[in-house]
Each structure stands twice: as structure tokens, then as C-alpha cells.
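Here are a few notes to read with the structure open beside you. Take them one at a time and find each place as you go.

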Amino acid sequence: MTTDETLNELLVRLFKDIMEIEGRCLVTDPYRDISYNDFHIIEAIGLQEPKSMTATAKLMGVTTGTLTKAMDALTDKGYVARERSRQDKRVVWISLTEKGKAAYKHHEKFHRRMIAHVKGQLTEQETPILIYALAKLIDYFQMIYKQEDADE
């Protein structure tokens, strides 16, 4: 197998496995009522001060309309609270409820375990090399495919 074929196989498998395994690990009994995507919305909202719907949609790379539909379901299920701004009625602030914060921490725990395991398999010299390589991969996708999205 050539280097290119090996890299392709590894990247395709990595992306597929992360999506599949993370979804399976996140959507456990206490969280059967939300989806893998809902966990990423919860992650984008975060544990800090409330965020606007617009800022959260931008962070996720979706429209406010798309986020609103998901937010309706998360609000109905008790994960998210929404409040219209008193200063500007067009602005809607979103924050996590206690149930939402528990889901956030469940998701965060998955990521902490993944990172700890990966770092545990690498030497002190290999870790910055992996970070550099992953950053280059992200740069590629941002440069090539985000630009194509902007051109359409």
C-alpha cells in the first residue's frame, strides 16, 4: 500500500470511527432523548454566560433558522433555556439548564478520555508533531472547502 493510500484509509476510518463511536458513547440511557448533533449544540452553548442564538449559529456554521428548530426541541426537553433580550427584542439569549450542563459534562468527559488516551500513547516529542499535523489538516479543509462554500 502506498503512503497516499495509507493516509487516505487512516483519515477516512478516523472520521467515520469518531462520528460513530462518539455518537454511541454520548447517546446513553440518561440522554436517549437527544441526538449526537444535539450534544454539539450543547457544547457550542457552553457552561459560561448565555450566548445569543446568532453567535451560537455562527459558531456551529448553521443558519439561525436551522438552530431555532433544534433549540425548540432542546428547550422542550429541558436542556436549554431561552430568554429574549430586554434591550433588543430581536436578540435571544440561550443557556444550559442543569440538565443541559450534565449533558455538556457527559460530552466533555468523552473528549477528556480520548485526549488522555491519545497523549498516553505518544512521547513528549510526538505530541506537538500530532498537533501540528492536525492543524495542517484543519487548515486545508478551511482553506479549500470553506472558500468553496463562500463562492456558492
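The points below walk through a helix, a pair of packed helices and a serine in a strand.

1. Please keep in mind that this is a predicted model.

2. Let's begin with helix α1, which covers residues 3-26.

3. Which residues of α1 are buried? Look for Glu22, Gly23 and Leu26. The cover over the buried residues of α1 includes α2 (36-45) and α5 (98-121).

4. Next, find helix α3 (residues 53-60) and helix α4 (residues 64-76), which pack with their axes 9 Å apart, at an angle of about 105°. Angles from 65 to 115 degrees count as roughly perpendicular, so that is how α3 and α4 lie to each other.

5. Now zoom in on where these two helices meet. From α3 come Met53, Thr54, Thr56, Ala57 and Met60, while α4 brings Thr64, Leu67, Thr68 and Met71. Sorted by type, the residues of this contact are 5 nonpolar and 4 polar, with no charged ones.

6. Finally, turn to Ser52, which sits in strand β1 (residues 51-52). Is Ser52 buried or exposed? Its relative accessible area is 13%, and buried means under 20%, so Ser52 counts as buried.

7. What does Ser52 touch? Leaving aside residues up to four places away in sequence, Ser52 is in contact with Val91, Val92, Trp93 and Ile94.

Terms used:
Residues are numbered from 1 along each chain as its sequence is written. This is a predicted model: local features need pLDDT of at least 70, side-chain atom pairs count only at pLDDT 80 or more; totals for chains, interfaces and linings use all residues. Side-chain values use heavy atoms; hydrogens and water are left out. Axes are lines fitted to C-alpha atoms, for helices over the stretch in contact, and angles run from 0 to 180 degrees between N-to-C directions. Helices (H or I, at least four residues) and strands (E, at least two) are DSSP runs, numbered from the N terminus. Angles under 35 degrees count as roughly parallel, over 145 as roughly antiparallel, 65 to 115 as roughly perpendicular and the rest as oblique. Contact means heavy atoms within 4.5 Å. Ala, Val, Leu, Ile, Met, Phe, Trp, Tyr, Cys and Pro count as nonpolar, Asp, Glu, Lys and Arg as charged, and the others, Gly among them, as polar. Buried means under 20% relative accessible area, exposed over 50%, partly exposed in between (1.4 Å probe, protein chains only). The expected span of a helix is 1.5 Å times one less than its number of residues.
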